[in-house]
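Student: I would like to go through this model with the definitions beside the values, so that each label can be checked.

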Amino acid sequence: MADLWDGIAQAFWLLVTLDRDLVEITLRSLRVTLTALAIASMIALPLAALLAVRRFRLRRVTIAVLNALMGLPPVVVGLLVYVLLSRAGPLGVLGLLFTPTAMIIAQVVIIVPLVASIAHQSLRELWSDYHDLLISMNASQVQRIKALLWDGRRALLTAALAGFGRAIGEVGAIMVVGGNIDHATRVLTTAIALETGKGEFAMALGLGFVLIAMAVAVNLAIHWLGHTESEGRW
Amino acid sequence: MTQQMFPLVAKQALVRRRGKVLVGPIDLTLAGQGTSIVVGPNGAGKTTLLKMLHGIARMGGGSLDWACPMEQAQQRQAFVFQTPIMMRRPVVENIAYPLQLIGVPRKEARMRAAQWAERINLGDALDRQAMLLSGGERQKLALARALIREPDVLFLDEPCASLDGRATREIEDILQEVAAAGTRLIMSTHNMGQAQRLADEVLFVLHGRIHEFGPAKAFFAGPKTPQASAFLRGDIVE
C-alpha cells in the first residue's frame, strides 16, 4: 500500500516538475504509437471496407485469419521483426534495429489485424444497409468503399482507438526491437518494465499513472474532436 | 439524342434463391409509355420481379434486354425501395449522392439537391441527419434521390406502404408530375385506390409468375382470370 501512495506522489512530482526524462519518453511513446496507428489505419481501414464490399474466393479465410491475429503475442511479433531487421536478416541493410522506426513497424504489425477486424465488423453491418442502394445507383467498387469509410467514420474511430489502446500499452515487441535504450528508444512501457526490474516501484508506478492518464487523455481528445457523443450525429 | 430504352424484353427470366424459384420464368415486353403497376398478394414476388427488371437481383436463367446497351440502361434507371435506405449523412448530401457518383461537381450537386429538397418540403431540413427523419420524410427523400439523375425509368417498390394519406398524396403528386414529364414508372403497390389512380397498365403477379397483364382500365373493370377477380374483391388468393 505504501508503494501505491509513493507511486501517486512520485507521479504527481514528475508531472508538476515536468521531469525532462519523463517528458522525453512520454513524447516518444506518443510519437511511436500515433505513427504506428496512422500507418496501421491506412492499411486496415480500406482493407476492412474491401472485405465488406467485395466477394472473392479467399475472403472468408482472410477474415478468419485477421480475427485470429488479433491475439497475436506482441513478443513473438517483436521476435519476427527482430529477425527481419537484424544485421544478418533480409532487411538488415536498412539498419533499423533498435530505432523508433523498428518499434513502429512492430506495432503496425500488431494492431493492423485488430483495427481491421473491428472496422470490418461495423462496416459489414453498414454495407448490409447500403448494399441494394449503392448497387442500384451503379456505384463503382471504389465509390462503395469511400461511402462506407466516410459514413462509418465514427465506428472506425472506435476501431482506431482500440488499436491505440493496444499499441500504447504494449511492451513485449518494442522491448525486443527497440532495446529500451535511454534517450533513443526508451518509452513509457519499457521504462516501467525497467524500473520494476530495478525494484523502483514508486517510479514504476508513477510512470504507470502517467501512461494511464495519457491514454485516457488521448481518447477523450479524439472523442471530443469527433463529436462522437453529441446529439443526432452518426 | 440518347438511344431509346424501350421495349424492355424479358425472355424466360428467372430468379432463384437457394434452389427455390422466387420469380419466373417470365416472358414480358414492356413498352416505353405510361405507368405500370404491379399488384399481387404478399410473397407473390413483386419485389423480386422489380429488382430483377432493375438488374439488381441475380438472374438464374433467361434474358433481360433493353433496347439500348446494358450499361447505358443501368445509368438511366433508379429504384425506390420499400424501406427507404438512409445514408448516414445529412439530407442534402443524401439527395446529392447519386450526382456525385457520376462526377457532378459537389457545389452543383448540392444546389440541385437543395432544389429537390424544396420540392419535397424538406427545404428547411437540408443539414439534418437523414437517419432522424420520419417515415414519410424518408420515403420522400428516397424519391428525390432516385429522381435527381432524371432517370428515364423509375422502379418503386410499395413506396407508400405504411405512410398516411397526406404523405401518400405528396408522393403521388410527384409521381404524376414526373410521369407527365415522360418518366416511365414501374411500381408495386397494395393500395388498389393508388393503383387505379396511377396505372396505365397492370401486372398481376401470383406465385412468381405474371398471371395477368394488360391495360389498367380493362383489368379493374373485369379481370380475365378468377384469381385476379378474387384478388380485386379482397379475397385471400392462395
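**Labels and their cut-offs**

Student: Why is Pro151(B) called partly exposed?

Tutor: Pro151(B) has 19 other C-beta atoms within 10 Å; a residue is buried if 20 or more other C-beta atoms, placed from the backbone, lie within 10 Å of its own, exposed if 12 or fewer, and partly exposed in between. Because 19 falls in between, Pro151(B) is partly exposed.

Student: What kind of model is this, and how are its residues and chains labelled?

Tutor: This is a predicted model, in which local features need pLDDT of at least 70 and side-chain atom pairs count only at pLDDT 80 or more, while totals for chains, interfaces and linings use all residues. Residues are numbered from 1 along each chain as its sequence is written, and chains are lettered from A and ligands numbered from 1 in the order in which they are written.

Student: What makes Arg76(B) a contact of Pro151(B)?

Tutor: Two residues are in contact if their C-beta atoms, placed from the backbone, lie within 7 Å; leaving aside neighbours within four places in sequence, Pro151(B) is in contact with Arg76(B), Gln77(B), Ala78(B), Ala146(B) and Thr183(B).

Student: Where in chain B is Pro151(B) found?

Tutor: Pro151(B) lies in the loop between α5 (135–147) and β6 (153–157) of chain B, where helices (H or I, at least four residues) and strands (E, at least two) are DSSP runs, numbered from the N terminus.

Student: How many helices and strands are there in chain A?

Tutor: Chain A has 10 helices and zero strands, and buried residues make up 39% of its 234 residues.
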